[in-house]
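Open the model in your viewer and keep the selection tool at hand. We will go from one stop to the next, with a note on what to look for at each.

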Amino acid sequence: MSDTVVTRFPPSPTGFLHIGSARTALFNYLFARQNGGTFILRIEDTDKARSKKEFEDNILEGMTWLGLEHDAFYRQSERTELYKRYIEKLIEEKKAYVSEETSDTLKRSSVIRFKNPNTKISFPDIIRGQVTFDTEELGDFVIAKDLEEPLYHLTVVIDDFEMGVTHVIRGEDHISNTPRQILIAHAIGAPEPEYAHLPLILAPDRSKLSKRHGAVGVTEYEAMGYLPEAIINYLALLGWNPGTAEEIFTISELIEKFDLNKIQKGGAIFNLDKLKWINKKHLEKLPREILHSKIKTILTKKFQHISDIFLDRLMPTIMERIETYGDLEKMVAGGELDYFFIEPSYTPQALIWKESNRENTIKRLTR
C-alpha cells in the first residue's frame, strides 16, 4: 500500500446530503489533510433508477458550502467499461460466473455471481479492533446484473483499488459489507485498505436520527442561518473529542488535532441545543465587519436607512437574543424590533386606563 494517504467520500445521489453523510465526509477530509494526502469525492450513481441530478447537485452544493474541497472527482456511471473488464476477467479466472435465475413470476434471467471461497475474513478496524466474519453464510453473492450493470460491492472495490484508496472511513452500518468487499479485493489482487467504522449518529433518546431531531439536509441548515464553520465544528464532536475540555475549533485547528484513534465506539447523540450554542460562539468570533454586514442585510429587508452608528448601538441587544441568523429573521418578521425603527401608532382610545373613561385617564396621567 502507498505511503500517501488517500481517502474517499462516496455518496449515492439518491437523496440530499444529510448530516450523517456530511460527518463521514468531514472525517475523511480531516484525515487526508492532516496526513498531506488526497481526498476523493466519488458519486456512486450506478443505480440508474434512483440516481437523480438534483441530488448530485445538492451534494456538491453542500460540500462547497461546508468548505470540504476535494482533490479528485469521479462518477461511477462514467466508468462502466472499466468495471466490465474486471467482470470479464473474474469470469475468465472462474472467480465469478453467469447464473441463470428464475424469479417468483417464473421469469428466467441471468446475473453474475461471485464464487465465494467460503473463508473466514478478519480485519483490523481502527475504531473497533479486530473484526471477524465467516463468509460461508454469504453464499455466492451477486456482483452484477450483467456486463454493463455492475453492483455496489464490485464497483466500490474496483474504484478503491484503481484510485489508490488507503483508508475507508465510513459509518458502522457498512461493517456487514466489508467481508464481501475484502473477498472481491482478494479476487482482483487488490490490497486491503485500512478500515474505520464510525459510530452512528443517534437522537437524544438513542433512537434513529430523524428530521424531527434535526436530521435535515445540510443546505437546509444554510437556509436556517447556521454558519458552515459551526456545522463543521459540531459534526467533528459527534463521536470524537480531543481529550480536553475544548469545544470550539476552526477547520485548521481540527486538521491539526483530529485523531481517528480517539473516535468513540458508542453512538453519538445529536443535540440541536448544543449545535445552536456552538453556532452562537462562532457568530461571536466573526470579524466585526462581516457580522455587521450580514445583520444589516437582514434588517434592511424590512427597515430602511440604518446608519452604522445606530447598528453599533443595537448590536448588543441583537447578539444577546440570537444563536443563528435565522433567529434574527424571525425577530424581524415577528415585529420584535419594530420599536427601534418605526414610530408607534395607536388610537387615543387605546390609552384609556382599564375600564375608566377619557377624563379620568387624563387625570391619572397628569397627576
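Start by selecting helix α7, residues 228–236, in this predicted model. Eight of the nine residues of α7 are buried, so the helix is largely enclosed by the rest of the structure. To see them, pick Pro-228, Ala-230, Ile-231, Ile-232, Asn-233, Tyr-234, Leu-235 and Ala-236.

Next, zoom in on Ile-231. Beyond its neighbours within four places in sequence, Ile-231 is in contact with Ile-19, Trp-65, Leu-66, Tyr-221, Tyr-226 and Leu-275.

Ile-231 also belongs to the largest nonpolar core, which has 69 residues. Colour Met-63, Tyr-221, Ile-231, Phe-270, Ile-295, Leu-299 and Leu-328: these touch the most other members. Helix α1 (residues 19–34) gives the most to this core, with nine residues. Another core, of 33 residues, lies apart from it; select Val-131, Ile-175, Leu-183 and Ala-190 to see some of its members.

Last stop: the sheet. Four strands form an open, antiparallel sheet in the order β4-β5-β8-β9. β4 (96–102) and β9 (149–150) stand at the edges with a single partner strand each, so one side of each has no neighbour in the sheet. Seven bridges join β4 to β5 (residues 108–114); show Thr-102 with its bridge partner in β5, Arg-108.

Definitions and conventions
Residues are numbered from 1 along each chain as its sequence is written. This is a predicted model: local features need pLDDT of at least 70, side-chain atom pairs count only at pLDDT 80 or more; totals for chains, interfaces and linings use all residues. Side-chain values use heavy atoms; hydrogens and water are left out. Two strands pair if DSSP finds at least two bridges between them. Helices (H or I, at least four residues) and strands (E, at least two) are DSSP runs, numbered from the N terminus. A nonpolar core is a set of buried Ala, Val, Leu, Ile, Met, Phe, Trp, Tyr and Cys residues joined through side-chain atoms within 4.5 Å. Buried means under 20% relative accessible area, exposed over 50%, partly exposed in between (1.4 Å probe, protein chains only). Contact means heavy atoms within 4.5 Å.
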